[in-house]
Amino acid sequence: MTTVPTRRSERRISPVFLGIVAVMAVTGWAVWANAAKVPGFALFLFVTSAWVVSLCLHEYAHARSALHSGDISIGAKGYLTLNPMKYTHAMLSIVLPLVFLVLGGIGLPGGAVFIERGRIRGRWRHSLISAAGPLTNVLFAFVCTAPFWLHALDGVPALFRYALGFIGLLQFTAAILNFLPVPGLDGYGVVEPWLPNSVRRQVEPFGQIGMVAVFALLWIPSVNHAFFDLIDAILRGVGVSDQDTYCGQNFYRFWQGRPDGFFCPAG
């Protein structure tokens with residue numbers, strides 16, 4: 001792939017994104033030091049800001065891959081600035097995933113940036129552009145869970161460990177859901193270039209409801225249990241325990257009161 005030149009202003013990191021990173025850093029310190037009067041509120045802000053950062057990186061990965069694949073319009077759209085307000089589908093990319101996070105504790109993937117696919121040649125490039133987003137979630141998950149799989153938890157405060165475990169759950173959830181070959185999700189974007197045109201035309205009308213349909217399926221108990229059994233198996237594989245994710249999610253929902261101090265000690 002060749003490098004496509006863009007103006008410096010099109011690549012400058014947005015102050016909005018830097019502000020979100022600053023919130024993540026400050027609240028991460030507050031969680032580490034257990035400095036907040038309400039520990040769950042600090043953890044809520046830390047996890048939420050980290051989730052927004054991951055969403056921005058997810059969309060940036062799509063955009064950067066598209067740029068190097070031939071869509072030179074990406075820079076002018078502001079996607080390379082990591083500014084979440086520049087996304088074509090801000091509601092799908094940021095707002096809706098945040099709603100599902102707060103209400104259900106699920107890392108639901110957002111909508112992709114608008115890419116001018118006609119500028120891109122080669123089916124492999126189209127597939128790579130779609131795969132870049134969820135692969136970023138996988139990388140984010142491994143970074144956040146590094147203390148677990150590196151066995152480097154000595155000295156890590158319990159509350160911070162819970163937060164990292166919950167963030168890991170959200171990232172793995174988002175990656176797996178987004179890799180599903182369902183219209184409207186990145187997984188379908190990976191396989192779509194290899195499908196016959198007749199199949200693409202038949203599937204195209206369902207692109208707007210794919211994500212909603214997946215979320216609806218997760219309300220079916222058998223599907224929900226099977227999915228989260230898979231997530232639990234992945235988390236156990238990287239050293240994150242049930243206690244870490246359970247306590248992280250319960251501290252996150254600070255409005256429901258502090259979780260059991262015996263099972264989820266914060267000090």
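Analyst: One aromatic cluster in this predicted model is formed by Phe-41, Phe-44, Phe-166, Tyr-252, Phe-254 and Trp-255. Residues are numbered from 1 along each chain as its sequence is written. As the model is predicted, local features need pLDDT of at least 70 and side-chain atom pairs count only at pLDDT 80 or more, while totals for chains, interfaces and linings use all residues; side-chain values use heavy atoms, with hydrogens and water left out.

User: How many aromatic pairs does the rule give, and why is the pair of Phe-44 and Phe-254 called edge-to-face?

Analyst: Rings of Phe, Tyr and Trp (its six-membered ring) pair if their centres lie within 6.5 Å, and planes under 30 degrees apart count as stacked, over 60 as edge-to-face and the rest as tilted. By this rule there are 15 aromatic pairs. The ring centres of Phe-44 and Phe-254 are 5.4 Å apart and their planes stand at 70°, so this pair is edge-to-face. Phe-44 belongs to helix α3 (residues 39–69) and Phe-254 to the segment after α12 (242–252), so the pair ties together parts 210 residues apart in sequence.

User: What are the relative accessible areas of Phe-44 and Phe-254, and how is each residue classed?

Analyst: Buried means under 20% relative accessible area, exposed means over 50%, and partly exposed lies in between (1.4 Å probe, protein chains only). Phe-44 has a value of 15% and is therefore buried, whereas Phe-254, at 28%, counts as partly exposed.

User: Why is the pair of Phe-46 and Phe-160 called stacked?

Analyst: The planes of Phe-46 and Phe-160 are at 20° and their ring centres are 5.6 Å apart, so the angle makes this pair stacked. Phe-46 in helix α3 and Phe-160 in helix α7 are 114 residues apart, and their pair links distant parts of the chain. Both of these residues, Phe-46 and Phe-160, are buried.

User: How do you know whether α5 is parallel or antiparallel to α7?

Analyst: Axes are lines fitted to C-alpha atoms, for helices over the stretch in contact, and angles run from 0 to 180 degrees between N-to-C directions. Angles under 35 degrees count as roughly parallel, over 145 as roughly antiparallel, 65 to 115 as roughly perpendicular and the rest as oblique. The axes of helix α5 (residues 123–144) and α7 cross at roughly 160° and come within 8 Å, and that makes α5 roughly antiparallel to α7. By class, the contact of α5 with α7 has 11 nonpolar, four polar and no charged residues, where Ala, Val, Leu, Ile, Met, Phe, Trp, Tyr, Cys and Pro count as nonpolar, Asp, Glu, Lys and Arg as charged, and the others, Gly among them, as polar.

User: What makes α7 oblique to α11?

Analyst: The axes of helix α7 (residues 158–178) and helix α11 (residues 221–237) come within 10 Å and cross at roughly 125°, which makes α7 oblique to α11. Contact means heavy atoms within 4.5 Å, and the residues that meet include Phe-172 and Ile-176 in α7 with Phe-227 and Ile-231 in α11. The contact of α7 with α11 holds nine nonpolar, two polar and no charged residues.

User: Why are α7 and α12 described as roughly perpendicular?

Analyst: The axes of α7 and α12 are 7 Å apart and the two helices pack at an angle of about 95°, and α7 and α12 are therefore roughly perpendicular to each other. Among the residues making this contact are Tyr-162 and Phe-166 of α7 and Cys-247 and Phe-251 of α12. By class, seven nonpolar, five polar and two charged residues take part in the contact of α7 with α12.

User: What is the phi of Asn-34 and of His-151, and is each residue buried or exposed?

Analyst: Most residues other than glycine have a negative phi. Asn-34, which is not a glycine, has a positive phi of about 50° and lies in the loop between α2 (15–33) and α3. At a relative accessible area of 31%, Asn-34 is partly exposed. His-151, found in the loop between α6 (146–149) and α7, has a positive phi near 55°, and its relative accessible area of 72% makes His-151 exposed.

Key: Helices (H or I, at least four residues) and strands (E, at least two) are DSSP runs, numbered from the N terminus.
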